[in-house]
Amino acid sequence: MVGKASKEPKLPIGLPAKRLRAECDPKMLGFDTTASLKPSSAFIGQDRAIDAIKLSASIEHKDFNLYVLGRDGTGRHTAVTQLLSTAAASRPVPCDWVYVNNFDAPHRPHAMKLEPGTAAELKLAMQHVVDDLANEIPALFESEEYQTQRRAIEEELGKKHEEPIAEFAERAQAESVALLRTPMGFLLSAIVNGKPIKPDVYEALPSEQREEIDAKIEDLQDQLTDILKQAPELEREHRQKIEELHAAMAERAVSLRMKDVEKQFLGNTAVGTYLERVRIDMIANAELFLMSTADANTGPFPEVIRKYHQDPHFDRYAVNIMVAHQAGPTSAPIVTEDLPSLNHLTGRIENISEMGTLSTNFTLIKPGALHRANGGYLILDAHRLLSEPYAWDALKRCLQSQSISIISLAERLSFSSTITLEPDPIPLDVRIVLVGDRRLHMLLQLLDPEFGKLFKVQADFEDDLPRTAKNTRALARIVAGYAAKENLRPMKAAAVARLLDHAVRLANDSTKLTLELGALTDVMREADFYAAKQKRKLISDGDITQAIQQAERRASRVKDRMQEAVARKTILIDTRGRAVGQINGLAVIGIGKVTFGRPSRITARARMGAGKLVDIEREVELGGPLHSKGVLILGSYLSSRYALDVPMSLHANLVFEQSYGGVDGDSASSAELYALLSALSDVPIRQGLAVTGSVNQNGDVQAIGGVNEKIEGFFDTCVAQGLTGEQGVLIPASNVDHLMLRRDVIEAATAGRFRVIAIKTIDQGIKVLTGTTAGRRGRSGQFPATSINGLVEAKLRSFAETRRRFGAQNGNDQDVEAD
């Protein structure tokens with residue numbers, strides 16, 4: 001029941017305005033506008049993290065990879081990039097890496113290490129060699145010298161082939177047998193009357209003469225067979241001599257060109273070995289250069305300028321550059337991979353479609369981020385990395401083996417049915433920098449035993465820094481630097497002071513300044529827009545205030561709907577009068593990065609029972625573990641403070657009225673205790689006051705989070721229902737340093753229409769809420785009879801006595817449980 005006492009005790013004076021909002025004085029900044037400031041790019045307040053980054057960037061031992069943790073907007077990426085750039089400038093330029101053909105096993109391309117800046121030179125040199133030889137070798141085979149030598153070989157073959165046949169023909173002629181050439185081959189026929197005998201004539205001869213002719217022909221046939229058996233050997237000798245001629249002619253051109261390339265890369269053993277293998281293969285496969293002339297005139301360009309190295313059959317002599325650097329005094333690479341998938345990290349092997357099938361070769365090997373960052377630094381987003389299938393495992397495998405092996409996702413999952421390659425692994429020397437949040441770092445430490453071995457350094461970025469005069473001025477210079485970097489208008493000192501006040505609010509601590517510079521930069525950008533809209537050359541404090549208020553307004557739809565529900569009595573909240581066992585608790589609602597406070601009615605009911613304290617939220621599984629813990633603590637507080645010489649004979653119910661979602665946290669435990677004390681003492685609580693704070697078993701009120709949002713949420717409710725001067729919020733005294741309230745709240749507090757009261761104990765709070773002294777035990781061990789504690793203890797004793805009598809009447813000592 002809500003009512004009004006005949007004599008309303010006065011409320012205590014709340015905290016002064018200067019304790020509710022500690023604003024920055026523009027005069028203490030020491031400048032009129034940021035245009036007169038020298039911008040600063042220092043990382044204020046991040047000494048611990050900076051030292052960690054420098055260690056990881058400079059130490060040579062492996063496994064000192066870095067995990068950068070902290071909130072978004074604290075400058076993690078900027079700090080990492082800037083510090084790594086400084087460290088990279090002192091490190092040598094890493095070597096170039098290329099893949100070349102393995103002529104013995106084409107499916108296992110060779111990885112070759114080159115001096116910085118020479119990979120492109122080798123590739124260009126090989127292209128020139130192919131283009132030149134594609135013109136020179138066909139010309140050599142059309143030269144008079146080649147034609148003369150070729151004719152000599154052909155003539156020699158003809159001579160070796162025809163002389164034995166001619167000698168045999170003469171011997172056969174002497175024995176009256178003719179050697180005839182037919183389309184089917186050689187044929188032997190007897191000669192009669194100077195002419196080869198015909199079959200009918202042969203049949204008409206006497207048998208003795210036919211037998212004589214058959215014997216001669218049979219003997220000559222054996223001789224002819226022996227002669228013809230020499231033909232394949234002669235052909236082999238002929239082909240061998242032709243090949244030797246071709247090789248000799250090709251070697252002349254190939255060796256001449258390759259010597260020029262060898263001179264260019266003199267001193268590199270690996271390149272020298274490769275060029276020798278190329279020379280041997282070009283000589284052995286000179287016909288490739290002859291094939292290229294078949295379609296020489298099909299293109300629009302003259303033959304002499306045609307790019308023969310682009311023909312697919314010359315891919316075997318190509319140089320596939322995996323990573324190349326500029327020669328000279330540059331620095332080690334710093335690579336940021338925004339999509340750290342398996343292929344983007346370790347590289348991939350592409351395929352081309354030929355006649356409906358997929359094929360590949362070493363020229364289709366593509367580099368990944370590890371190749372590009374080899375010898376330097378690779379920056380990855382931890383959350384994105386862990387979201388990509390097999391990327392985390394591949395990265396760990398590369399770090400452990402200190403080499404880059406290219407394995408496709410299809411191959412890893414055994415989905416690939418095409419011919420693939422097994423490229424040589426490339427040695428890896430890289431420092432990995434993962435950027436993520438603290439929760440992910442904790443999970444990796446807990447669930448992946450290899451993480452701590454590979455990432456031995458953590459750079460933990462601070463969320464805030466102490467609010468001293470020195471730090472305030474330093475942050476002002478950093479703000480000026482960001483404004484200059486973003487090409488924003490200069491800011492007035494008052495605007496910077498207002499922005500620093502916002503930094504305090506974001507830190508949720510009046511003694512701290514937030515280091516979430518990203519959020520401050522967003523405010524500056526929006527304020528610059530409003531200044532430009534008004535055609536002002538400087539950003540004023542009004543622009544900063546407008547930017548902050550507009551950002552809050554854009555995100556306040558849900559908050560406004562809740563306030564509307566309270567104003568229309570859809571959600572019941574009283575801000576006037578008194579009520580027994582009823583109190584206004586405060587909660588914080590978070591939607592994304594937006595948080596706001598709202599009041600909730602908490603009620604308590606008590607009667608005789610068996611010492612059971614029922615948390616209805618927990619009973620229906622709407623209460624979280626922390627909330628349940630708070631209820632159990634206040635139950636312990638009751639049982640250990642009141643009526644210690646009798647059994648606890650209380651049955652009490654606690655509930656958040658009109659709560660349709662989950663409730664967690666212990667910040668309402670003090671409010672629940674106040675409502676229960678009111679229900680037990682039958683002393684009403686002022687409904688114009690709201691309460692926040694947790695409680696321990698000793699009755700001390702403890703700090704909670706979101707104190708500013710909670711106060712402002714109840715203030716808005718009071719404004720909607722009308723400020724009476726008897727309204728306010730009770731907060732833990734340990735939360736006073738966290739106050740940074742809105743200016744409209746400060747104005748109302750200064751005018752005495754609203755107050756914020758700090759308390760340390762439950763006894764202090766119940767006195768403010770009820771206007772009745774809590775009471776302390778006297779020498780007799782009893783609380784004053786009219787005090788809150790005395791009334792509570794008396795009620796509990798009466799419950800115990802009633803329970804005893806009831807048990808005696810029923811003839812047993814069983815506990816009596818209220819329904």
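This is a predicted model: local features need pLDDT of at least 70, side-chain atom pairs count only at pLDDT 80 or more; totals for chains, interfaces and linings use all residues.
Residues are numbered from 1 along each chain as its sequence is written, and side-chain values use heavy atoms, with hydrogens and water left out.

**View 1. The whole protein.** The protein has 28 helices and 31 strands. Helices (H or I, at least four residues) and strands (E, at least two) are DSSP runs, numbered from the N terminus. Of its 819 residues, 46% count as buried. Buried means under 20% relative accessible area, exposed means over 50%, and partly exposed lies in between (1.4 Å probe, protein chains only). The protein exposes about 41,300 Å². Carbon and sulfur atoms supply 52% of that area. Accessible areas come from the Shrake-Rupley method with a 1.4 Å probe; for residues, only the protein chains shown count as cover. Take the contacts (heavy atoms within 4.5 Å) with a separation of 6 or more: residues 24 or more positions apart account for 77% of them.

**View 2. The end of helix α27.** Helix α27 spans residues 762-770. Its buried residues are I762, G765, I766, V768, L769 and T770.

**View 3. The largest pocket.** About 1,700 Å³ of space lies in this pocket. A pocket is an open set of points on a 1 Å grid over the protein atoms alone, where a 1.4 Å probe fits, with protein on both sides within 12 Å along at least five of seven lines; lining residues have an atom within 4 Å of a point. Grid points are joined across faces, edges and corners, and a volume is the space filled by probe spheres set on the points. The lining has 47 residues, and H502, L506, E552, K593 and V594 lie nearest the centre. Elements giving two or more residues to the lining include α18 (493-507), α20 (541-554) and β23 (594-608). Helix α20 gives the largest share, 8 residues. By class, the lining has 12 nonpolar, 12 polar and 23 charged residues. Ala, Val, Leu, Ile, Met, Phe, Trp, Tyr, Cys and Pro count as nonpolar, Asp, Glu, Lys and Arg as charged, and the others, Gly among them, as polar.

**View 4. G542 in helix α20.** G542 lies in this helix. G542 is partly exposed, with a relative accessible area of 38%. G542 and Y530 are 12 residues apart in sequence and 9.4 Å apart in space, C-alpha to C-alpha.

**View 5. Strands β23 and β25.** These strands pair in the antiparallel sense over 7 bridges. Two strands pair if DSSP finds at least two bridges between them. R605 stands opposite N653 in β25.

**View 6. Two loops with positive phi.** Most residues other than glycine have a negative phi. Y390 has a positive phi of about 65°, yet is not a glycine. Y390 sits in the loop between α12 (382-387) and α13 (391-401). Y390 is partly exposed, at 30% relative accessible area. D682, also not a glycine, has a positive phi near 60°. D682 sits in the loop between α24 (669-681) and β26 (685-686).
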